[in-house]
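Morning, everyone. Please have the sequence and the model open. I'll walk you through a few parts of it.

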Amino acid sequence: MKQITCQQTRTISERIIFDGDLNDKQTLFGGKTLSLLDENAGLASFKLVHAKIATASYDHVNFWRPITTDKYVKFESFVTGVSGRQIEVFTKVISHDLKTDITEVAFTSFCTLVVLRSAQQIELPELVPENDEEKYLCAGFADRLAAREEERSNKDDFLSHLTLD
């Protein structure tokens with residue numbers, strides 16, 4: 001089986017925060033954050049497999065620190081697990097204060113993407129974590145996968161309790 005390191009899937013993008021990116025509390029709008037996350041995580045998964053994919057879920061979405069226009073941000077994503085057609089990507093957003101030079105983790109999330117069935121028999125490579133961060137995050141993949149599978153198995157029951165009006 002082919003192997004690939006987490007580093008080979010790492011995708012980094014940086015951007016300045018503008019007034020138009022903010023919500024009514026003058027912090028980065030959550031929807032904008034998720035849009036940028038989806039783009040970055042998708043690119044990390046494309047580095048793992050050259051096939052059509054779709055976002056299936058976001059897990060453990062945490063807005064740790066507010067992001068404002070006096071900061072620029074770095075989105076860093078890499079694959080942390082592979083199972084069947086599922087690809088889990090971890091993303092962290094690091095904010096850098098333009099005035100004080102303070103850098104901190106502002107946001108983290110796990111995103112699950114799925115290789116579409118139209119991709120036929122794609123064999124996903126074995127993932128190899130190398131540094132402490134990658135090893136720590138990859139070590140939790142099996143538990144996160146089990147939790148997602150449990151949630152998915154309860155999908156029909158969950159949806160049956162929701163109203164459509």
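Which elements do the buried residues of H4 pack against? They pack against strand E3 (53-63), E4, E5, E6 and H3. Keep in mind that this is a predicted model.

Let's stay with H4, helix 141-153. H4 has 13 residues. From its first C-alpha to its last, H4 reaches 18 Å, close to the 18 Å expected at 1.5 Å a residue. Its buried residues are Phe141, Arg144, Leu145 and Arg148. Why do these sit on the same side of H4? Because they cover an arc of only 100° around the axis. Now look at the face turned away from that buried side. There you find the exposed residues Ala142, Asp143 and Ser153.

Next, H3, helix 132-139. Glu134, Leu137 and Cys138 are its buried residues. Their arc around the axis is only 95°, so they too lie on the same side of their helix, H3. They pack against helix H1 (6-9), E4, E5, E6, strand E7 (126-128) and H4. The face of H3 turned away from its buried side carries exposed Asp132, Tyr136 and Ala139. Also check the N-terminal end of H3, which Asn131 caps. A side-chain oxygen there lies 3.1 Å from the backbone nitrogen of Glu133.

On to the strands. Ten of the 13 residues of E6 are buried, so E6 is largely enclosed by the rest of the structure. What joins E6 to its partners? Eight bridges join E3 to E6, and the two run antiparallel. E5 and E6 form a hairpin, with five residues between them. In that turn, Asp101 has a positive phi of about 70°.

Last, the nonpolar cores. The largest has 21 residues, and Ile87, Val89 and Val115 touch the most other members. Two or more residues come from each of helix H2 (30-48), strand E4 (71-83), strand E5 (86-97), strand E6 (103-115) and helix H3. E6 gives the most, with four residues. Apart from this core lies another, of eleven residues, including Ile17, Leu22, Val73 and Val93.

Finally, click on Val89. Beyond its neighbours within four places in sequence, its contacts include Ala41, Ala44, Phe78, Phe110 and Leu113.

Note on methods
Residues numbered from 1 in each chain as written. Predicted model: local features only at pLDDT ≥ 70, side-chain atom pairs only at ≥ 80, totals over all residues. Heavy atoms only, no water. Core = buried A, V, L, I, M, F, W, Y, C linked by side-chain atoms within 4.5 Å. Buried < 20%, exposed > 50% of the residue type's maximum accessible area, 1.4 Å probe, protein only. Contact = heavy atoms within 4.5 Å. Arc of directions from axis to C-beta. Polar contact = N/O pair within 3.5 Å; in protein donor to acceptor, adjacent residues only side chain to side chain. Expected span 1.5 Å × (residues − 1). Pairing = 2+ DSSP bridges.
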